[in-house]
Amino acid sequence: MEQPVVAFDAVGLRYGQGPEILHDVSFAIEPGSFQFLTGPSGAGKTTLIRLILLSLRPSRGLIHLFGEEAARISGPALTSVRRRMGVVFQDFRLLDHLTTYENVALPLRVREREEASYRAEVMELLDWVGLGTRAGAMPAVLSGGEKQRAAIARALIARPELILADEPTGNVDPALARRLLRLFTELNRLGTSVLIATHDLALMDQVDAHRLVLSDGQLYSDA
Amino acid sequence: MQNALHGRRGPGALVLSDPTATRSLFAIIAILTFLAGLAAMGAQIVAASSREWRSATAREATIQLRPQSGRDIEADLARVAALGRSAPGVADARVLPKAEAEALLEPWLGSGLDLSSLPIPRLVVLRLDLEAAPDLAALGSRVAAEVPGATLDDHGSWRARLSGLANTIIGVAAGLVVLVVAASGIAVGFATRGAMAGSRDVVDVLQLVGATRRFIVREFALRFLRLAMLAALCGGVAAGFAAPLLGTIAALASATDGADEAFLGAASMGWRGYPLIALVAATVAAIAGFVSVATAKRFLRQTRAT
Ligand SMILES: Nc1ncnc2c1ncn2[C@@H]1O[C@H](COP(=O)(O)OP(=O)(O)OP(=O)(O)O)[C@@H](O)[C@H]1O
Ligand SMILES: [Mg+2]
């Protein structure tokens with residue numbers, strides 16, 4: 001059997017000396033799976049995604065990413081693990097001084113690819129998310145939904161093996177949300193593992209997918 | 001300049017630069033390079049002059065004759081000159097005429113003084129042939145024995161004092177250059193750290209979308225290296241233009257009369273100073289680049305992308 005892309009084993013997390021946000025969280029993201037991560041605001045969805053991204057270290061428990069124990073991943077290995085993931089941040093984290101096009105192309109640029117080799121690819125994806133005409137705009141002048149779509153495009157552009165999307169449809173209308181969701185399901189059909197954090201029930205109802213529910217620091221599986 | 005400082009034009013620079021900080025750093029490095037270049041140039045002038053002067057004085061010795069009552073000084077001078085001429089390694093011996101001897105005292109005593117009644121010491125100037133290994137000690141004792149009041153001066157103590165002075169000046173200048181290079185290194189390190197801390201969110205996002213540390217270090221450090229190179233170039237060029245001025249001032253200051261010009265001659269600056277300035281500027285730029293890279297690496301090691 002293929003090893004899981006992400007495996008949490010009794011993971012606990014607290015920020016500094018604060019209360020434990022996650023206790024004994026155990027779950028796995030299997031290759032090619034599609035899952036929702038849900039739970040009330042403040043339950044720790046973003047925290048869990050940051051643990052997968054290795055931008056937080058667990059207070060206890062073990063995390064494996066692509067079969068590698070997270071605590072042992074550092075330096076160049078850390079970069080290569082991150083290159084296998086695409087993340088849509090809840091707060092987008094677009095770079096304010098770059099155009100929409102440049103923001104979306106960023107993962108390719110940091111992989112030191114020639115601009116000529118990806119220009120068409122980036123424009124095509126921008127068209128797909130409805131930002132074709134906004135390629136030259138700066139994030140400051142984009143609407144919330146436009147920023148969100150730019151963030152989604154940036155997460156997808158490098159064709160990652162695992163997509164982590166934190167509330168990716170929070171700022172768009174239901175029709176656009178459906179369209180964006182289809183983008184994720186299409187990619188999933190092509191083999192990408194997808195984890196979408198959301199508390200949008202209507203969105204979750206559109207896909208027959210496994211749901212992980214965070215509540216009071218515990219993770220429940222709800223098939 | 002704006003383009004050179006901010007790097008590639010095509011896609012927007014990944015790292016924003018703070019124009020005020022950039023200008024300040026540019027000015028600091030340019031000024032420091034200018035000062036270091038001048039210090040190096042000054043040291044080079046002193047070294048060259050001292051070398052020239054030492055070799056000139058090595059080719060010369062003088063025999064001083066103090067007038068003694070009851071002796072014919074002109075006859076003694078002729079005798080001393082003859083002794084000198086016959087000594088091995090002495091190419092020529094010339095009696096300095098009375099007028100010239102008096103002229104030598106002019107700077108101390110002023111002109112228009114009637115010196116004829118004073119017992120002015122007289123000189124015999126020996127031109128030495130260094131190839132023929134002159135034995136000045138032997139000549140000195142011989143002259144002293146045969147002509148009372150005659151002493152030979154080979155300028156050795158002068159040369160020793162002069163090279164001591166020159167070496168001190170060169171040492172101080174070298175120390176200055178080292179301090180300046182260190183100071184510009186510190187300034188660049190400080191600026192790099194400031195830029196990274198100021199763009200912390202950019203650094204984090206770059207790492208989270210898969211940039212290697214190397215890539216990020218390059219984005220930051222290359223900018224500072226380019227800036228330091230340009231600033232060092234400007235400082236170096238300015239020092240290059242100012243250097244002949246320095247030489248001229250030194251020459252003017254030391255050449256109270258024509259004879260002294262050899263000591264700190266304008267000519268002694270030569271062309272050797274320019275490669276030296278270029279070397280100083282290159283060192284400043286290289287150290288700046290090195291420190292910037294090291295600082296950026298350190299920053300990334302110490303922080304975790306969040
Ligand atoms: N950097 C931090 N330092 C301290 N506490 C934090 C930090 N980040 C989050 N928290 C706390 O951890 C808890 C979980 O936060 P998290 O952002 O993971 O929730 P969430 O499920 O993503 O919520 P939402 O649905 O509102 O986005 C919250 O109580 C929050 O206050
Ligand atoms: Mg959240």
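Predicted model: local features only at pLDDT ≥ 70, side-chain atom pairs only at ≥ 80, totals over all residues.
Me: Why are α5(A) and α6(A) called roughly parallel?
Reply: The axes of helix α5 (residues 144-156) and helix α6 (residues 174-189), both of chain A, cross at roughly 5°. Angles under 35 degrees count as roughly parallel, and therefore α5(A) and α6(A) are given that description.

Me: Which residues of α5(A) and α6(A) meet?
Reply: A:Arg149, A:Ile152 and A:Leu156 in α5(A) meet residues of α6(A), among them A:Leu180 and A:Phe184. The two axes come within 12 Å.

Me: What makes A:Glu112 and B:Arg218 a salt bridge?
Reply: Their side chains are 3.2 Å apart, N to O, and the cut-off is within 4 Å. A:Glu112 lies in the loop between α3 (100-110) and α4 (115-128) of chain A, and B:Arg218 in helix α8 (residues 213-254) of chain B, so the pair joins two chains.

Me: Why is B:Arg218 called partly exposed?
Reply: Its relative accessible area is 32%. Buried means under 20% and exposed means over 50%, so B:Arg218, at 32%, is partly exposed.

Me: How do you know whether B:Trp108 is buried or exposed?
Reply: B:Trp108 has a relative accessible area of 71%. Exposed means over 50%, so B:Trp108 counts as exposed. This residue is found in helix α4 (residues 98-109) of chain B. With B:Leu109 and B:Leu113, B:Trp108 forms a nonpolar surface patch of about 390 Å² of accessible area together.

Key:
Residues numbered from 1 in each chain as written. Chains lettered and ligands numbered in written order. Heavy atoms only, no water. Patch = residues over 30% accessible without salt bridge, like charges linked within 9 Å, V, L, I, M, F, W, Y side chains within 5 Å. Areas by Shrake-Rupley, 256 points an atom, 1.4 Å probe, with all protein chains shown as cover. Helix = DSSP H or I, 4+ residues; strand = E, 2+ residues; numbered from the N terminus. Buried < 20%, exposed > 50% of the residue type's maximum accessible area, 1.4 Å probe, protein only. Axes fitted to C-alpha atoms, helices over the stretch in contact; angles between N-to-C directions. Parallel < 35°, antiparallel > 145°, perpendicular 65-115°, else oblique. Contact = heavy atoms within 4.5 Å.
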